[in-house]
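The sequence and the model are displayed below, followed by notes grouped by topic.

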Amino acid sequence: MAGTIRLGRLFGFEINVHWSWFFVFFLVTATFATSLLEGLYPEWTVSRRWIVGGAIALIFFVSILLHELSHSIVAKRYGIAVTSITLFVFGGVSNLEKEPESARQEFLIAIVGPLTSLAIAALFTAGYFLLREADDGVGAVSGNLALINLAIGVFNLMPGFPLDGGRVLRSVFWAQRRNLLDATRAASNLGQLVAYIIMGAGVLGFIFGDFITGIWLFLIGNFLRSASAASYEQLFMNIVLKGVPASTVARTDFTAVSPDMSLAALVEEHILAGDGRCYAVVAGDQLLGLVTLTDLKKVPREQWPSTTVFRAMTPFDKLRTVSLRDDLPRVLAQMASGDINQVPLLEGSILRGLIHRGDVMRYIQMRQEIGTVATS
Ligand SMILES: [Zn+2]
């Protein structure tokens with residue numbers, strides 16, 4: 001993930017923090033230093049309140065770390081390697097190297113995190129009841145840490161995928177439908193619904209109530225919405241498109257033109273005749289380049305009769321191409337990195353077909369509609 005700093009290793013897991021965590025750390029420290037500690041210890045110096053506030057923030061940090069570690073330890077027990085644990089503004093993310101193998105595994109890996117937070121909350125609650133009589137403020141601090149951990153546990157139990165609650169829900173769908181992709185789609189849709197409700201509450205809060213809380217709710221909702229949508233898309237790409245050969249969607253009925261054809265002839269004979277926007281320029285079956293409407297428009301109209309296709313085309317060495325061995329995720333990656341809508345399918349330098357973005361999208365849509373593929 002971008003914007004993360006490596007802290008070190010713990011129990012064999014790499015621990016990272018996202019930069020946003022430093023902001024949270026400061027916010028938690030400041031909140032304790034300026035409100036709770038000021039009320040409890042009016043005789044303390046300001047710097048002492050900030051130091052103790054920082055120590056409380058550190059305990060908060062450790063609480064979230066324990067939550068994430070619990071996920072990772074259970075995942076590891078099922079043989080799923082955890083590449084890293086990243087702590088960021090809303091908690092943490094354990095990066096599992098692969099998806100769990102069964103609904104049961106997923107359920108246990110997901111539920112252990114919130115349970116850990118709730119257990120920590122219970123410990124601090126016990127601390128609150130044991131120490132509140134002592135009247136030295138430690139009980140009150142303990143009570144606040146209990147509330148924070150309770151909030152972490154409850155927030156993560158929200159049924160929005162990819163939060164823990166959403167994963168729990170996905171494991172239930174998975175057990176019912178015996179299909180991971182279907183279950184992920186259902187959990188992702190519900191996650192997006194929950195996200196819109198949170199964003200809506202944020203907008204209402206922004207207008208009618210607390211400005212800051214409104215903004216926070218909106219940001220959290222928006223984060224959840226994009227994470228939910230991305231989680232399904234990514235799994236879909238991995239499960240459905242992986243290994244599907246690029247040739248599946250390649251058109252072999254593309255129009256090839258010879259390099260010495262003039263642009264005027266190209267317009268007259270092909271473009272106006274409705275042969276499309278993109279033409280392969282070939283000599284024999286060797287691909288020399290592609291000429292598209294975009295290339296054509298770069299040449300002034302009065303030069304069309306005197307300019308050859310060869311001079312106007314995007315030459316072979318500047319093209320992004322795929323080979324017969326490549327699969328659809330590779331095709332999409334090539335289109336995305338070049339911001340282009342078609343890639344030639346090659347065998348060596350011999351043109352075997354043209355792949356249009358629209359055809360890939362139609363394929364994806366069709367697979368989505370057909371739905372159930374044997375993935376469970
Ligand atoms: Zn969690």
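What share of the contacts in the protein chain with a separation of 6 or more comes from residues 24 or more positions apart? Such residues account for 59% of those contacts. The model is a predicted one, and the points below proceed from the whole chain to single elements and residues.

**Overall architecture**

- The domain assignment divides the protein chain into domain 1, covering 4–241, and domain 2, covering 246–370.
- Between the C-alpha centres of domain 1 and domain 2 there is a distance of 48 Å.
- The secondary structure of the protein chain consists of 12 helices and 11 strands.
- The protein chain is more spread out than a compact globule, because its radius of gyration of 29 Å is well over the 21 Å that the globule rule gives for 376 residues.
- The C-alpha trace spans about 95 × 45 × 40 Å along its principal axes.
- Buried residues make up 33% of the 376 residues in the protein chain.

- Strand E1 comprises residues 4–10 and pairs with E2 in the antiparallel sense, over 6 bridges.
- E1 and E2 form a hairpin in which 2 residues lie between the strands. In the turn, Phe-11 has a positive phi of about 50°.
- Strand E2 (residues 13–18) is largely enclosed by the rest of the structure, because 5 of its 6 residues are buried. A residue counts as buried when 20 or more other C-beta atoms lie within 10 Å of its own.

**Helix H12**

- Helix H12 is formed by residues 357–370, 14 residues in total.
- From its first C-alpha to its last, H12 reaches 20 Å, which is close to the 20 Å expected at 1.5 Å a residue.
- H12 is hardly covered, as the count of buried residues among its 14 residues is 1.

- Arg-311 belongs to helix H10, which runs over residues 309–312.
- Is Arg-311 buried or partly exposed? Arg-311 has 16 other C-beta atoms within 10 Å and is therefore partly exposed, since that class lies between the limits of 12 or fewer for exposed and 20 or more for buried.
- Pro-259 is 52 residues away from Arg-311 along the chain, and the C-alpha atoms of the two residues are separated by 8.3 Å.

Notes: Residues numbered from 1 in each chain as written. Predicted model: local features only at pLDDT ≥ 70, side-chain atom pairs only at ≥ 80, totals over all residues. Domains from an automatic or database assignment. Helix = DSSP H or I, 4+ residues; strand = E, 2+ residues; numbered from the N terminus. Rg over C-alpha atoms; globule rule 2.2 N^0.38 Å. Contact = placed C-beta atoms within 7 Å. Pairing = 2+ DSSP bridges. Expected span 1.5 Å × (residues − 1).
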